[in-house]
Amino acid sequence: MTFISRRDLLKRAAVVGAAATASADVARAFQASDDVAPHGPAEAGHYAGAAHEMAAAREPLENLTATEADLLDAIVARLIPTDATGPGATEARAAHYIDRALGGALASSRQAYTAGLEALDRYSRSSRGKPFTALSATDQDSVLIDVETGAATGFPERSSVFFALVLNHTQQGTFGDPYYGGNANFVGWDLVGYPGVRTMVTAAEQQRLEKHELTPNHKSAYDYESFTKATASLSRQSSGREGA
Amino acid sequence: MATKLKDTDVVIIGLGAAGGVAALPLAQAGLEVIGLEAGGWLTRRDFAPDELRNNFRGWPQAVQKANQEVPTSRANASSPTTPRAAIHPMQNAVGGTTLHYWAQSWRLNPWDFKVVSETKRRYGASRIPAGSTVEDWPFGLEELEPYYDKVEYEVGVSGQAGNINGKIDPRGNPFEGQRKRAYPMPALRGTEFLDKMASAARSIGWHPFPGPAAVNSRPYQNRSACMYHGFCNRGGCHVDAKNSTAVTTIPRAQATGHLKVVPRAHVTTIEVDGGGRMTGVNYVTDGVEYFQPAKVVLLASYTYENTRLLLLSKSKAFPNGLSNNHKQVGRHYFSHNQGAGVTALFPFNLNSWYGLPAQGVAVDNWADDNFDHSGLDFIGGGNLWVYVDRRPIGAAGMNTFGRVPNWGSAWKAFIKENADRSNGAYLQKTTLPYEDNFLDLDPVVKDPLGYPVCRVTAEYKDNERKIGAFIQDKMEQWYREAGAVAIQRAPVGGPMGVSTHAYGGTRMGDNAETNVLNRFGFSHEVPNLGVLGASVMGTSGARNPTLTAQALAWRTAEHLVKNWNKIRQT
């Protein structure tokens with residue numbers, strides 16, 4: 001990789017920004033640094049949103065490498081963009097969801113990400129002359145269309161298989177329960193108009209929904225103490241499986 | 001060497017929908033029953049309203065015994081085996097799949113018991129599709145009615161009766177067979193959208209009605225009413241309002257003191273003596289092997305596992321597998337044509353975020369033989385079911401009706417506007433058994449203990465595909481009448497694959513040459529072996545099988561109680 005990754009820039013910004021994490025200072029510092037990165041002015045709006053996300057994404061990666069995470073950040077930002085209809089996969093922290101899940105429920109996809117991300121960037125450089133993260137949004141989209149339709153070369157399977165995997169996981173990370181590390185601030189649920197996890201919906205509440213009077217409650221399933229956390233249940237189940 | 005346990009009266013293999021019901025009349029009669037269940041106990045604390053876990057990660061099936069033995073499948077004997085599904089459609093647990101199923105609890109219609117004779121009578125013998133092995137059931141709906149009634153009250157079913165003792169109630173299904181009394185609970189509530197769909201059906205002369213559900217519409221048997229929270233589909237109930245056998249018949253059977261539940265018991269084979277009499281079952285728990293002797297065994301796992309366990313249980317008396325000297329085990333297999341769906345887009349929100357898939361409006365006008373097939377080139381039909389079920393990841397993954405790509409800004413704007421504006425109908429259609437659709441053991445793929453998994457060789461034939469196209473026309477008409485602005489149809493059917501509505505393999509009928517089981521669900525060849533579940537059914541009808549499997553299970557158990565001395569000694 002020859003380009004300066006945004007994560008490297010983030011690290012620099014963090015040094016400048018001292019101990020502050022996720023602060024406005026860091027976000028501004030990052031955005032300033034971003035100006036020197038090889039992104040065209042057409043992407044200014046896009047990266048204004050990304051800068052905000054990067055400030056929050058400074059915690060350690062759990063499974064992806066920094067290079068893979070940069071690339072995945074850029075991909076998910078095009079799949080569900082930050083635009084006139086509001087926050088997208090970047091603000092939802094879909095890539096963070098994927099990074100975390102690749103060490104758990106999505107572990108069987110880890111190798112597919114390693115190979116697929118590498119192939120995607122190689123295809124970007126060979127067909128468009130630049131690493132994917134250095135392309136304009138329009139060119140990034142055209143690369144992704146090639147990957148989606150299976151036209152992109154150099155993938156272990158048809159590139160469309162990798163595209164479908166990433167799109168599926170990006171949707172999970174944008175619209176899934178925030179407990180799993182995505183859908184930050186419920187931006188995904190607000191986008192589709194989901195009024196939130198409830199454990200009881202009375203007939204009166206259904207009627208309020210039908211009159212557009214039901215306010216989103218912004219609750220995760222696990223904000224309700226009555227439920228055992230999914231991970232705990234999973235480990236108990238797998239211990240039960242051993243002899244059976 | 002397996003540890004030999006103390007003898008018992010009855011072993012039930014699998015405490016799910018069918019085995020969990022059969023345990024109750026047996027235990028109430030004082031027979032000593034041991035229920036061997038491959039899963040464990042799940043409780044309401046396990047059932048978080050979590051779409052990612054339930055609907056995308058397949059918890060808890062993904063980590064269970066069943067998932068290590070997902071059947072392989074292929075369309076026909078000359079086609080390649082398709083990739084195996086990642087997650088088994090059914091679950092291991094005390095209560096089985098009734099914990100997380102949709103809980104639609106239908107009785108079959110009278111025609112479903114007499115497909116052959118009624119088709120011949122009304123249209124002539126030539127109308128039975130070529131290659132089909134369909135037979136009339138050994139009895140009619142009236143024989144099963146008391147058991148349907150028993151289960152509806154013991155388990156708890158909500159619904160609107162349509163035909164009580166011959167008196168048609170227009171609020172219910174006018175095509176249902178006679179029932180002796182109403183459901184124990186009124187139907188689940190409606191919504192603005194469901195009411196709109198019902199009005200649209202009436203305006204074109206059809207007869208809409210709310211479907212039956214094993215879900216409490218009001219408190220029942222000291223358990224809560226439904227909370228309509230929207231996570232019932234592949235999720236267990238957090239207030240025990242879904243009437244799984246784990247919260248109804250199984251604890252009631254335990255309370256008699258005559259049912260012992262053995263969780264995490266992985267049954268491997270059923271044993272017979274030199275004379276071919278069933279002597280007990282072998283199972284493994286935590287790596288330890290046990291032999292459980294029993295006077296009678298009721299095999300009540302799922303359709304695929306019922307066939308597999310019989311085929312794996314080979315002996316001198318049954319060299320081709322238990323109860324398979326007539327080579328009928330695995331035959332007459334079919335699964336509901338649940339595909340061939342229709343999805344509609346409306347120009348207004350449907351407010352479907354809260355509710356459950358058993359809450360809906362049905363039309364039965366185009367099911368079974370409820371309409372004249374004289375000018376048509378198929379028999380049977382489909383039940384049209386419009387229901388309430390939406391969660392955010394699924395909503396975002398909605399059909400885009402060819403209007404936008406599947407990602408990017410245009411897609412995002414589309415789902416922002418339309419995420420709550422689509423509805424997909426569930427169209428269950430008659431599927432028949434055929435000569436060349438069957439189950440057997442896979443020659444290559446094995447489970448972790450080294451036993452071959454089940455292999456499905458089956459595809460939908462002309463009759464099923466014609467029904468599919470016909471029913472899609474009807475569904476589109478209904479949606480358009482209600483104001484739909486776009487319609488998408490799924491393909492009408494190819495390979496059957498692995499299904500949640502799998503039938504046959506151990507069919508019930510008087511003729512031992514073509515059926516594994518007699519009319520009471522006991523083996524023609526092994527008199528102290530009974531089989532429970534939809535694997536005994538010879539026709540599918542156009543509606544969910546569970547209540548019928550449960551009514552049959554109760555009937556088999558009652559037959560065993562009444563004939564205990566005779567059956568245990570044979």
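Modeller: In this predicted model, helix α4 (residues 66-79) of chain A packs against helix α6 (residues 94-101) of chain A at an angle of about 135°, and their axes are 9 Å apart. Angles over 145 degrees would count as roughly antiparallel and those from 65 to 115 as roughly perpendicular; α4(A) and α6(A) are therefore oblique to each other. Their crossing is right-handed. On the α4(A) side the contact is made by A:Ala69, A:Leu72, A:Asp73 and A:Val76, and on the α6(A) side by A:Ala94, A:Ala95, A:Ile98 and A:Asp99. By class, this contact has 6 nonpolar and 2 charged residues, with no polar ones.

Helix packing of another kind, against a sheet, is found in chain B. The sheet in question is open and has 6 strands in the order β7-β14-β15-β16-β13-β19 (chain B), with antiparallel pairing. At its edges stand β7 (208-210) and β19 (486-489) of chain B; each has a single partner strand, so one side of each is left without a neighbour in the sheet. On average, neighbouring strands of this sheet are turned by 25° against each other, direction ignored. Within the sheet, strand β15 (residues 382-387) of chain B pairs with strand β16 (residues 422-429) of chain B in the antiparallel sense over 4 bridges, and B:Trp385 stands opposite B:Tyr426 in β16(B). Helix α10 (residues 462-481) of chain B packs on this sheet, touching β13 (342-345), β14 (360-363), β15, β16 and β19 of chain B, and its direction makes about 145° with that of β16(B).

Chain B also meets chain A: 48 residues of chain B are in contact with 46 residues of chain A. On the chain B side, α2 (51-56), β10 (278-285), α8 (392-396) and α9 (408-418) each supply at least two residues, and the largest share, 6 residues, comes from α9(B). That side of chain B has 21 nonpolar, 13 polar and 14 charged residues.

B:Tyr290 lies in strand β11 (residues 288-299) of chain B. With 18 other C-beta atoms within 10 Å, B:Tyr290 is partly exposed, because 20 or more would be needed for a buried residue. Leaving aside neighbours within four places in sequence, B:Tyr290 is in contact with B:Ala2, B:Thr3, B:Leu5, B:Tyr283 and B:Thr285. B:Ala265 is 25 residues away from B:Tyr290 in sequence, and the two are 9.4 Å apart in space, C-alpha to C-alpha.

Key:
Residues are numbered from 1 along each chain as its sequence is written. Chains are lettered from A and ligands numbered from 1 in the order in which they are written. This is a predicted model: local features need pLDDT of at least 70, side-chain atom pairs count only at pLDDT 80 or more; totals for chains, interfaces and linings use all residues. Two residues are in contact if their C-beta atoms, placed from the backbone, lie within 7 Å. Ala, Val, Leu, Ile, Met, Phe, Trp, Tyr, Cys and Pro count as nonpolar, Asp, Glu, Lys and Arg as charged, and the others, Gly among them, as polar. Two strands pair if DSSP finds at least two bridges between them. Axes are lines fitted to C-alpha atoms, for helices over the stretch in contact, and angles run from 0 to 180 degrees between N-to-C directions. Angles under 35 degrees count as roughly parallel, over 145 as roughly antiparallel, 65 to 115 as roughly perpendicular and the rest as oblique. A crossing is left-handed if the near helix is turned anticlockwise from the far one by less than a right angle, and right-handed if clockwise. A residue is buried if 20 or more other C-beta atoms lie within 10 Å of its own, exposed if 12 or fewer, and partly exposed in between; C-beta atoms are placed from the backbone.
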